[in-house]
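Please keep the picture open while you read, and try to find each part as it comes up.

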Amino acid sequence: MSLSRAFRRALFTAGTLSAALVISACSSGDSTKSNGSGTNFVTSSETGISTVAKDDRVMAGKLAGKTLDGTQFDVASLKGKVVVLNVWGSWCPPCRAEAPHFVKVSKDLKARGVEFVGINTRDFNKQPAEAFEENFGVPYPSLYDPRGTLILKGFPKGTLAPNGIPSTVVLDREGRIAARTLQALDEERLRSMIEPVTAEK
C-alpha cells in the first residue's frame, strides 16, 4: 500500500469515528450537574432527557437567520410560546426515524401554544434537506445552519446545548432553556419532554 493511500485511509477512519461520536452522543445517569454558568440540570437515565428547574434556567442566545426556503426567521418572535428546537440533518438516519413523531406532535400541540422549529445542519446542499421536509410533510420552519455557527451562538457556554445530531431542546415561554436530549425521540418521549414545560404557570 502506498503512503498516500495509507494516509487517506487513516484520515477517512478518523473522520468516520469523529462523525460517529457526534451522531451517537447521548446523556445517561441520574445526577445533578453544575456547569460553569451556575445552571443546575438533572439527566434521567431512563429517558436521556436533561431538565433544568424553573428558577435555574438560562436564556437561549440569538437564534435567527434564514430558513431552508430563504425566509428570515427569529426564534425570539415566539416568546410567550413553548418552543421545541430540533437539530437535524437529511443524512442522519435517527433524524429520519424521529421525523414522523415530530410532525404529529407539532400539529397536535400547536393549539396549546407550542411551536416547533428545526435547525438543519451539515447539509451543505439544500436540496436533500428540502426533500426531507417535503417527504415527511414537516409543517414548521427550519433554520439553515450548515456549519453549526447558529447553534454555537444560540447556546451560551455551559448551557444545555444541542451538541449532537439529532438533538432536541425545549425553551419555556420566557425563551429560557428548560430541557434537552441528545437522542432520537419517539412520540411518547417527545411529549414527556414538552408537557412539564407547557404545564408551568
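The notes below begin with the whole chain and then move to its strands, a helix and some single residues.

This is a predicted model, in which local features need pLDDT of at least 70, side-chain atom pairs count only at pLDDT 80 or more, and totals for chains, interfaces and linings use all residues. Residues are numbered from 1 along each chain as its sequence is written, and side-chain values use heavy atoms, with hydrogens and water left out.

**The whole chain**

- The chain has five helices and 10 strands; helices (H or I, at least four residues) and strands (E, at least two) are DSSP runs, numbered from the N terminus.
- The average pLDDT (the predictor's confidence in each residue, from 0 to 100) is 85, and 81% of the residues score at least 70.
- Residues 2–38 have a pLDDT below 50, and this stretch has 44 contacts in the model beyond near neighbours in sequence; contact means heavy atoms within 4.5 Å.
- Of the 201 residues in the chain, 45% are buried; buried means under 20% relative accessible area, exposed over 50%, and partly exposed in between, using a 1.4 Å probe and protein chains only.
- If you take the contacts between residues at least 6 apart in sequence, 66% join residues at least 24 apart.

- β6 and β7 run parallel and are joined by seven bridges; two strands pair if DSSP finds at least two bridges between them.
- On β9, by contrast, the pairing with β6 (residues 82–88) is antiparallel, with five bridges.
- Val-83 has Leu-171 of β9 as its bridge partner.

- Strand β9 covers residues 167–171, and five of its five residues are buried.
- Ser-167, Val-169 and Leu-171 lie on one side of β9, with Thr-168 and Val-170 on the other.
- β9 also pairs with β10 (residues 177–181), in an antiparallel arrangement with four bridges.
- Here Thr-168 stands opposite Thr-181 of β10.
- The hairpin of β9 and β10 has five residues between the strands, and Gly-175 in this hairpin takes a positive phi near 85 degrees.

- A polar atom of the Asn-86 side chain lies 3.3 Å from the backbone oxygen of Ser-167.
- Residues that Asn-86 touches include Glu-98, Phe-102, Val-117 and Thr-168.

**Helix α5**

- Leu-190, Arg-191, Met-193, Ile-194, Val-197 and Thr-198 are buried in α5.
- These residues cover an arc of only 160 degrees around the axis, so they are on the same side of α5; the arc is that of the directions from the helix axis to the C-beta atoms.
- Among the elements that cover the buried residues of α5 are β6, α2 (93–109), β9 and β10.
- Asp-186 caps the N-terminal end of α5, with a side-chain oxygen 3.3 Å from the backbone nitrogen of Glu-188.

- Most residues other than glycine have a negative phi, and most peptide bonds are trans.
- A cis peptide bond joins Ile-165 and Pro-166, with omega about 0 degrees.
- Pro-166 is found in the loop between α4 (149–154) and β9.
- Arg-122, a residue other than glycine, has a positive phi near 60 degrees.
- You can find Arg-122 in the loop between β7 and α3 (126–136), and its relative accessible area of 32% makes Arg-122 partly exposed.

Definitions and conventions: Polar contact = N/O pair within 3.5 Å; in protein donor to acceptor, adjacent residues only side chain to side chain. Lists of a residue's contacts leave out its neighbours within four places in sequence.
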